[in-house]
Amino acid sequence: MVVTGILLAYLAGWVLEWRWLAVLGCAPASFMLLLMCYMPETPRFLLTRQRHQEAMAAMHFLWGSEQVQEEAPAGAEHQGFRLAQLRHPGIYKPFIIGVSLMAFQQLSGINAVMFYAETIFEKAKFKDSSLASVIVGIIQVLFTALAALIMDRAGRRLLLTLSGVVMVFSTSAFGAYFRLTQGGPGNSSHVELLSPLSMEPASASVGLAWLAVGSVCLFIAGFAVGWGPIPWLLMSEIFPLHVKGVATGVCVLTNWFMAFLVTKEFSSVMEVLRPYGAFWLASAFCILSVLFTLSCVPETKGKTLEEITAHFEGR
């Protein structure tokens, strides 16, 4: 749904001015706010608060059934997160994995690639650069749908690894494009993205721009099939129920903090390392993400929460 919404925003931006696009963006948020007024609390939360009648009503609303436990689950009154629980491997191991997955997702450079996609397509002589955003959105939707179809067959680890390898090659090629098209260091500290060498023929510049276009499309496809959706899925699978709320919140906070950090500092990194160095740095993070997946992330396909927790605890 997220990538579908992004694609719809790209399509709207193709035909609307930015002012009307901003107004249009208020509609889904307002609709969601209205619907949340009718959304009940989760039955498990209500049971832990001994609010049985409300839990039964919530079950009927969500599942069309009033089959709900008469008593709260065993130990429900003790549910909740405490810092002392971080000493247990069944808590701190999935906690570290969840936070690391969210950090690596943003350090892969996805936001930087998305921000400069339109500029890259313009350099490749696309007549309508807004079409570039639509193309990127379509690639995201198609490969995210592919990931959803094969995720339970291929497994989470395999898709994360494959996705990371594809992103390594695409960001490396992206960096190579910048290295071939950027001149030597000048007196100014300002870095102009995608400024070709003045001695380079125009046809060669366009040809190299197509290298960047291919790298962008390959990167988006690789990200969408693995590192886009799977960290969010794993986050819902690896945490014990009594810490899931806090742990999930910390993971989401990590994701958006890293997104803010990468977005804010990427221009500074390009000034220090040059654009090619910045994308090769992203490639290095992609390599680390593959190594982290192979060494630390368990396969959760077809496993219950109890089996996953037992794996972390070494049982």
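**Exercise 1. In which helix is S215 found? Then work out whether S215 is buried or exposed, and list its contacts.**

Step 1. This is a predicted model, and in it S215 sits in helix α9.

Step 2. The relative accessible area of S215 is 4%. Buried means under 20%, so S215 counts as buried.

Step 3. Setting aside neighbours within four places in sequence, S215 is in contact with S170, A173 and F174.

**Exercise 2. Follow the contact to F174: what else does F174 touch, and which residues have the most contacts inside the largest nonpolar core?**

Step 1. With neighbours within four places in sequence again left out, the contacts of F174 are V113, I120, A212, S215, V216 and F279.

Step 2. The largest nonpolar core holds 52 residues, and L101, F174, V216 and I220 have the most contacts inside it.

Step 3. Helices giving two or more residues to this core include α5 (89-107), α8 (156-181) and α11 (244-296). The greatest share comes from α9, with ten residues.

**Exercise 3. Describe how α5 and α11 are placed relative to each other, and sort the residues of their contact.**

Step 1. A pair of packed helices is described by the angle and the distance between their axes.

Step 2. Here the axes of α5 and α11 come within 3 Å, crossing at roughly 30°.

Step 3. Angles under 35 degrees count as roughly parallel, so α5 is roughly parallel to α11.

Step 4. The residues of this contact comprise 19 nonpolar, seven polar and no charged.

**Exercise 4. Where is E299 placed, is E299 buried or partly exposed, and which residues does E299 touch?**

Step 1. Look in the loop between α11 and α12 to find E299.

Step 2. E299 has a relative accessible area of 21%.

Step 3. Not counting residues up to four places away in sequence, E299 touches G155, R156, R157 and L158.

Step 4. L234 lies 65 residues from E299 along the chain, and their C-alpha atoms are separated by 9.4 Å.

**Exercise 5. Now step back to the whole chain: how many helices and strands does the chain have, and what percentage of its residues count as buried?**

Step 1. Count the elements: there are twelve helices and zero strands.

Step 2. Of the 315 residues in the chain, 41% count as buried.

Step 3. Finally, consider contacts with a separation of 6 or more: residues 24 or more positions apart account for 76% of them.

How values were computed
Residues numbered from 1 in each chain as written. Predicted model: local features only at pLDDT ≥ 70, side-chain atom pairs only at ≥ 80, totals over all residues. Heavy atoms only, no water. Core = buried A, V, L, I, M, F, W, Y, C linked by side-chain atoms within 4.5 Å. Buried < 20%, exposed > 50% of the residue type's maximum accessible area, 1.4 Å probe, protein only. Helix = DSSP H or I, 4+ residues; strand = E, 2+ residues; numbered from the N terminus. Contact = heavy atoms within 4.5 Å. Axes fitted to C-alpha atoms, helices over the stretch in contact; angles between N-to-C directions. Parallel < 35°, antiparallel > 145°, perpendicular 65-115°, else oblique. Nonpolar A, V, L, I, M, F, W, Y, C, P; charged D, E, K, R; others polar.
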